[in-house]
Amino acid sequence: MKTIKTYFTLAALSIAFVSCSSDDNATAANKVTLTFTNTFGDKTIVLGDANSSTATVHTSAEGQVHHFSELKYVISTIRLVKNDGKEVPYNLNNLDEGATVIDQAKAETLHYVLRDIPKGEYKQIKFGLGVRSDLNVLDEVRFPKFYAVAGANDTKMMWEWGTGYRFTKIEGFYGTDNAILSIHTGSTVESKEDEEFKQGVDAYRSITLDLPVLASVGKNAPTIAIKADFNHLLSGKTNTIKLTSGTGSDDNATPNVHTAVQMTKFVDNLGGNGSSDLSGMFTILEVKN
């Protein structure tokens with residue numbers, strides 16, 4: 001009798017284990033991992049200070065040598081597009097669950113996991129570079145997680161005047177004398193009326209990328225590898241930019257000087273111009289199913 005009871009106990013445990021394993025696998029298979037590789041052309045960017053001997057040095061179309069000491073940008077409003085054209089949104093209105101800061105200095109931020117993605121075959125990915133205007137408010141109560149990450153001392157992806165987030169933050173050096181390169185992008189404020197801020201330049205850009213092969217969610221938990229080529233910063237599809245330091249309206253190398261007009265040139269290079277260019281600096285490296 002004891003043997004029979006033992007048999008049934010072991011059988012029940014086996015069934016429970018198989019059931020749990022199946023559930024775990026099903027959950028795991030409904031994930032999609034986005035990986036970001038930041039490059040100058042085909043070279044992965046290595047950061048460094050002004051006198052670094054290891055930093056990745058790049059030369060623009062205008063012949064200006066430059067390298068970065070800091071590189072960050074915000075990804076949000078992620079959508080996956082099925083093979084039949086149906087868009088599957090991912091926490092579009094929740095910065096805590098659907099937005100992230102990519103930071104070249106922090107390897108863990110270069111991987112972003114999308115969870116509970118519906119089973120299917122996906123042919124395209126769309127996402128925002130920056131934060132949509134309706135969400136671009138420094139709201140610690142509504143989105144405490146994203147607010148904390150963006151505002152951390154080593155991140156500082158918030159404008160000092162407190163009206164919204166920085167979308168891209170690049171620090172570095174250019175030219176033979178290592179002049180300071182400091183390019184920050186983000187939506188601007190034109191005026192304040194009745195305690196409400198009126199938006200000026202909208203620096204948010206929606207990126208659309210076709211996948212080279214279908215990402216199969218359900219049986220697999222695919223990885224979509226995305227490259228951000230910062231050669232486009234100065235040598236983009238829309239603008240070829242020459243950096244100059246100074247206090248004039250055409251000077252563009254530092255954020256306390258360059259105007260919204262100059263900033264928009266960088267925005268259009270990095271995120272596309274919203275019409276003829278919907279990919280900007282981004283391409284798909286591969287899809288692993």
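This is a predicted model: local features need pLDDT of at least 70, side-chain atom pairs count only at pLDDT 80 or more; totals for chains, interfaces and linings use all residues.

Reply: Residues are numbered from 1 along each chain as its sequence is written, and side-chain values use heavy atoms, with hydrogens and water left out.

Me: What volume does the largest pocket have, and which residues lie nearest its centre?

Reply: On a 1 Å grid over the protein atoms alone, a pocket is an open set of points with protein on both sides within 12 Å along at least five of seven lines, a cavity is a set where a 1.4 Å probe fits but cannot get out, and lining residues have an atom within 4 Å of a point. A volume is the space filled by probe spheres set on the points, which are joined across faces, edges and corners. Here the largest pocket has about 400 Å³. Its lining has 19 residues, with Ala99, Thr100, Tyr112, Lys145 and Val149 nearest the centre.

Me: Which residues line the largest cavity?

Reply: Leu129, Phe167, Thr168, Thr185, Ala203, Val267 and Leu270 do. The largest cavity holds about 40 Å³.

Me: Why does Asn239 count as buried?

Reply: Buried means under 20% relative accessible area, exposed over 50%, and partly exposed in between (1.4 Å probe, protein chains only). Asn239 counts as buried because its relative accessibility is 18%. Contact means heavy atoms within 4.5 Å. Leaving aside neighbours within four places in sequence, Asn239 is in contact with Leu234, Lys265, Asp268 and Asn269.
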